[in-house]
Amino acid sequence: MHRTSFPTHAHAHRAIVRHIEMFCDHRRLHSSLGYRTPAEVHAEYAAWNTSPAA
């Protein structure tokens, strides 16, 4: 995104959101999440949350 010119604020916003969703959530490891991606943690939570109670 560095030095990128966008025609409108909306274009810039969409590009930034797309970058966060595609890079940060699916590839970037976070130390606070045990060096897993937010997508991995979310999938684990969703699987745990939908599993039947024992």
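## Surface and burial

Accessible areas here come from the Shrake-Rupley method with a 1.4 Å probe, and for residues only the protein chains shown count as cover. By that method, the protein has about 4800 Å² of accessible surface, and 60% of it belongs to carbon and sulfur atoms. Buried residues (under 20% relative accessible area, with exposed meaning over 50% and partly exposed in between, using a 1.4 Å probe and protein chains only) make up 9% of the 54 residues.

A word on where this comes from: the model is predicted, so local features need pLDDT of at least 70 and side-chain atom pairs count only at pLDDT 80 or more, while totals for chains, interfaces and linings use all residues. Residues are numbered from 1 along each chain as its sequence is written, and side-chain values use heavy atoms, with hydrogens and water left out.

## Overall shape

What does the secondary structure come to? There are two helices and zero strands; both kinds are DSSP runs numbered from the N terminus, with at least four residues (H or I) for a helix and at least two (E) for a strand. The protein is more spread out than a compact globule, because its radius of gyration is 16 Å, well over the 10 Å that the globule rule gives for 54 residues. That radius is taken over C-alpha atoms, and the rule is 2.2 Å times the number of residues to the power 0.38. Taken along the principal axes, the C-alpha atoms fill a box of roughly 55 × 20 × 15 Å.

Helix H1 covers residues 9-24, and Ile16 sits in it. Ile16 counts as partly exposed because its relative accessibility is 43%. Together with Met1, Phe6 and Ile20, Ile16 forms a nonpolar patch on the surface, with about 340 Å² of accessible area in total. Patches are made of residues with over 30% relative accessible area and no salt bridge; nonpolar side chains (Val, Leu, Ile, Met, Phe, Trp, Tyr) are joined within 5 Å, and like charges within 9 Å.

His11 is in helix H1 too, and at 37% relative accessibility His11 is partly exposed. Go 10 residues along the chain from His11 and you get to Glu21, with 15 Å between their C-alpha atoms.

## The loop and helix H2

Between H1 and helix H2 (38-50) there's a loop, and Tyr35 lies in it. Tyr35 has a phi near 55°, a positive value in a residue other than glycine. Is Tyr35 buried or exposed? Tyr35 is exposed, since its relative accessible area is 59%.

Over in helix H2 you'll find Glu40, which is partly exposed at a relative accessible area of 43%. Glu40 and Arg3 are 37 residues apart in sequence, and their C-alpha atoms are 31 Å apart in space.

## One salt bridge

Side chains of opposite charge can pair when their charged atoms come close. The structure holds one salt bridge, meaning a side-chain nitrogen of Lys or Arg within 4 Å of a carboxyl oxygen of Asp or Glu. Glu44 and Arg36 are the partners, at 2.5 Å from N to O. Glu44 is partly exposed at 47% relative accessibility, and Arg36 is partly exposed at 30%.
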